[in-house]
Amino acid sequence: MRINVTSVMVHNQDEALRFYTEVLGFVKKTEIPLGEARWLTVVSPDDQNGCELVLEPDGHPAAKPFKEALVNDGIPYTSFAVEDVQAEFERLRGLGVRFTQEPLQMGTVTTAIFDDTCGNLIQIAQAA
């Protein structure tokens, strides 16, 4: 068993696609129109046949309070692995990304948390 697809809830798919591709560096893999929304996925450029991230519309009534609660408590919605948290922090900060937690070493893991501009906090993590 393996993870094939996971998702992050976003308030605007176009804004999310721009942020996740132009800023974070993912590449668009799938875009299928589904009425007002789309089945829209991105993947790592290093593993284009790997796990897909769905940029899922957050229109469900439970989505907004759930996302707001996580943000208010400083809890990231998901985590992405990076080779070097400090370098990625500097790169993203240089692109104007707002961090809620600068790089922090916690035992064998270094993490940082940023605002994805789509209503979520996202963690980047580097294993030692």
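**Figure 1. Salt bridge between Glu-90 and Arg-93.** In this predicted model, Glu-90 is joined to Arg-93 by a salt bridge, with 2.9 Å between the closest N and O atoms. The two residues are separated by about one helical turn, because they stand three residues apart in helix α3. Glu-90 has a relative accessible area of 37% and is partly exposed. Arg-93 is also partly exposed, at 40% relative accessibility.

**Figure 2. Salt bridge between Glu-88 and Arg-91.** The closest N and O atoms of Arg-91 and Glu-88 are 2.7 Å apart, and the two residues form a salt bridge. Both lie in helix α3, which covers residues 85-94. Their spacing is three residues, about one turn of the helix. Arg-91 counts as partly exposed, with a relative accessibility of 35%.

**Figure 3. Salt bridge between Asp-58 and Lys-67.** The side chains of these two residues, Asp-58 and Lys-67, meet at an N to O distance of 2.7 Å. Asp-58 has a relative accessibility of 18%, so it counts as buried. Lys-67 is at 5% and therefore counts as buried.

**Figure 4. Network of salt bridges.** Asp-14, Lys-28, Glu-31 and Arg-38 are linked to one another in a network of salt bridges. The structure as a whole holds seven salt bridges.

**Figure 5. Aromatic pair of Phe-26 and Phe-80.** The model has eight aromatic pairs. One of them joins Phe-26 and Phe-80 in an edge-to-face arrangement, with 5.3 Å centre to centre and 70° between the planes. Phe-26 lies in the loop between α1 (13-23) and β2 (27-34), and Phe-80 lies in strand β5 (residues 78-81), so the pair ties together parts that are 54 residues apart in sequence. Phe-26 is buried, at a relative accessible area of 17%. Phe-80 is buried as well, at 16%.

**Figure 6. Aromatic pair of Phe-99 and Phe-114.** Phe-99 and Phe-114 form an edge-to-face pair, 5.7 Å centre to centre with 65° between the planes. The pair links distant parts of the chain, 15 residues apart: Phe-99 belongs to strand β6 (residues 99-106) and Phe-114 to strand β7 (residues 109-115). Phe-99 has a relative accessible area of 14% and is buried. Phe-114, at 1% relative accessibility, counts as buried.

**Figure 7. Aromatic cluster.** Ring pairs connect Phe-19, Tyr-20, Phe-26, Phe-80, Phe-89, Phe-99 and Phe-114 into a cluster. Among its members are Phe-26 and Phe-80, which form an edge-to-face pair, and Phe-99 and Phe-114, which also pair edge-to-face.

Notes:
Residues numbered from 1 in each chain as written. Predicted model: local features only at pLDDT ≥ 70, side-chain atom pairs only at ≥ 80, totals over all residues. Heavy atoms only, no water. Salt bridge = Lys/Arg side-chain N within 4 Å of Asp/Glu carboxyl O. Buried < 20%, exposed > 50% of the residue type's maximum accessible area, 1.4 Å probe, protein only. Helix = DSSP H or I, 4+ residues; strand = E, 2+ residues; numbered from the N terminus. Phe/Tyr/Trp six-rings, centres within 6.5 Å; stacked < 30°, edge-to-face > 60°.
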